[in-house]
Amino acid sequence: MTTTKPVLIVGAGFSGAVHARLLAEAGYRVDVIDVRPHIGGNAYDHVDANGIRVHAYGPHLFHTKNKPIADWLRQFGTFVDYTHKVRALLPSGIMAPLPINLDTVNLVFGTSYTTPEQVADHLARVAVPIAKPANAAEYLYAHIGRDLTDLFFRPYTKKMWQFDLEDMASAVVKRIPLRSDRTDTYFADDEIQMMPRDGYTAVFQRLFDHPLITVALETAFDRAMLADYAFCFNAMPIDAYFDFSAGELPYRSIRFHTRTITDAPAQDWSVTNYTDSGALTRETRWDCLPHHIVQETGRRTITAEEPCDYRDNNRERYYPVKTADNRFQAIYNKYKAIADESSSEMAFIGRCGTYQYLDMDQVINQSLASARRWIAARA
Ligand SMILES: Cc1cc2nc3c(=O)[nH]c(=O)nc-3n(C[C@H](O)[C@H](O)[C@H](O)COP(=O)(O)OP(=O)(O)OC[C@H]3O[C@@H](n4cnc5c(N)ncnc54)[C@H](O)[C@@H]3O)c2cc1C
């Protein structure tokens, strides 16, 4: 350790918590601040008045192919196996498996296929021949044809992003899996799917539980703080840090609508996607996630999501906006260049610091690598 001043970490979400933990374990004093009244960032959860554990910023499902990341995280809580399932409610009232699979194709087209080969043949027949898809619409047309694209993805994408599929980058839909068999689990390609038995917030409490870490909530970053610190890892929005001098980086946000039910039917999936052109994209039945009935009250909580511009939701930034022409990425690149030139004592981290959508395993992976590089450079 080469410094006597502590390190400032802005943001008590995964990026900040992982940096804080590694630096403290390496002997550095760390002060973590967050403008919100709780730790955990967007992974924060709590138990509501119905005795149900609710994720305050939408359902957080941990899934990864990266076993070392899962093993690292397991040090900070007990995790239980969990297999995520999603159903799509079609405008016709049909509840279809999502990702699209053999049963989805049969439900939509009235076919009675029984083998993956039949489904693959069907999709090959309806696919539109487009050699080099230039946007999300062309990518989907080339893979699943117009009917499935327009039913499952066109209205959903419009309400989620306020863009037509033609204006979206292919990258946004490339991650959507497609199955020709009966597999009806959402993250079937990830060997590890797990849920913290006592919730994410308890995991964060353990991450921050170190004698060299302090955490101050309801504390917004102020440049004057920097004088007291040797270095700053900063998860705040990079455009806000630079007073939007190169333009604003837009985000989609979500308004959450929560309701209580008492006659909850049994179901083996937790998330239902709405494919119609109404305002809502999906709803979560929290009691269908493992260990989410914390106290039995007979009541169940459901949260529906209504996407909106982040400026219409108290500047709550959730999803960076990716367009086919990468115009916002170009703005981010300007901020990154300014940041690289202007300070060797600050690094922007996490979702809003680097303007990219990151799943939890990705942000943990990046943060472990970043903190280890920083520590090694000062050893
Ligand atoms: C709706 C939704 C659903 C998701 N579902 C999943 C999922 O199922 N699986 C999955 O793996 N990932 C999911 N994610 C992604 C997951 O939330 C992120 O990987 C994770 O939150 C990123 O951590 P972070 O530290 O980068 O950002 P955050 O968790 O956002 O933490 C950043 C923190 O910085 C604080 N901050 C910002 N500005 C300031 C400031 N000026 N001063 C002080 N503090 C500040 C914020 O208050 C926030 O608490 C989801 C994300 C969203 C939005």
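## A histidine and its partner

The side chain of H63 makes a polar contact with the side chain of D190, at 2.6 Å. A polar contact here is a pair of N or O atoms within 3.5 Å; within protein, one must be able to donate a hydrogen and the other to accept it, and residues adjacent in sequence count only if both atoms are side-chain atoms. This is a predicted model, in which local features need pLDDT of at least 70 and side-chain atom pairs count only at pLDDT 80 or more, while totals for chains, interfaces and linings use all residues. Residues are numbered from 1 along each chain as its sequence is written, and side-chain values use heavy atoms, with hydrogens and water left out.

You can find H63 in strand β5, residues 62-64. Helices (H or I, at least four residues) and strands (E, at least two) are DSSP runs, numbered from the N terminus. Is H63 buried or exposed? H63 has a relative accessible area of 10% and is buried. Buried means under 20% relative accessible area, exposed means over 50%, and partly exposed is in between (1.4 Å probe, protein chains only). Leaving out residues up to four places away in sequence, H63 touches F187, D190, I192, Q193, D359 and D361; contact means heavy atoms within 4.5 Å.

## Around the ligand

Now look at the ligand. There are 29 residues around it, and S15, D34, R351, L358 and M360 come nearest. A residue is near a molecule if one of its heavy atoms lies within 4 Å of it. The shell around the ligand divides into 17 nonpolar, eight polar and four charged residues. In this count, Ala, Val, Leu, Ile, Met, Phe, Trp, Tyr, Cys and Pro are nonpolar, Asp, Glu, Lys and Arg are charged, and the others, Gly among them, are polar. Three helices each supply at least two residues of this shell: α1 (14-25), α10 (350-353) and α11 (360-377).

At F221, a backbone N or O atom lies 3.0 Å from a nitrogen atom of the ligand. A polar backbone atom of M360 is 2.7 Å from an oxygen atom of the ligand. Taken alone, the ligand exposes 1000 Å², and the protein buries 93% of that. Such accessible areas come from the Shrake-Rupley method with a 1.4 Å probe; for residues, only the protein chains shown count as cover.

## At the start of helix α3

N101 sits in the loop between β8 (95-98) and α3 (102-109). With 0% relative accessibility, N101 counts as buried. At the start of α3, a side-chain oxygen of N101 reaches to within 2.9 Å of the backbone nitrogen of D103. A polar atom of the N101 side chain also lies 3.0 Å from the backbone oxygen of T183. Apart from its neighbours within four places in sequence, N101 is in contact with R179, D181, R182, T183 and D184.

Within α3, L102, T104, V105 and N106 are buried. The buried residues of α3 pack against β8, α4 (116-126) and α5 (136-161). Just after the helix, G110 takes a positive phi of about 70 degrees.

Most residues other than glycine have a negative phi, and most peptide bonds are trans. Where is there a cis peptide bond? A cis bond joins L98 and P99, with omega about 0 degrees, and P99 is found in the loop between β8 and α3.

F244 is not a glycine, although its phi is positive at about 60 degrees. F244 lies in the loop between α8 (238-241) and β12 (251-261), and its relative accessible area of 32% makes it partly exposed. Y355 is not a glycine either, and its phi is positive at about 45 degrees. Y355 is in the loop between α10 and α11 and, at 1% relative accessibility, counts as buried.

## A region from a record

An unreviewed UniProt entry carries the annotation "domain: UDP-galactopyranose mutase C-terminal" for residues 152-357. UniProt positions are given in the numbering used here, feature names are shortened, and annotations may be inferred rather than shown by experiment. In the model, the span is 23% helix and 23% strand, and its end C-alpha atoms lie 22 Å apart.
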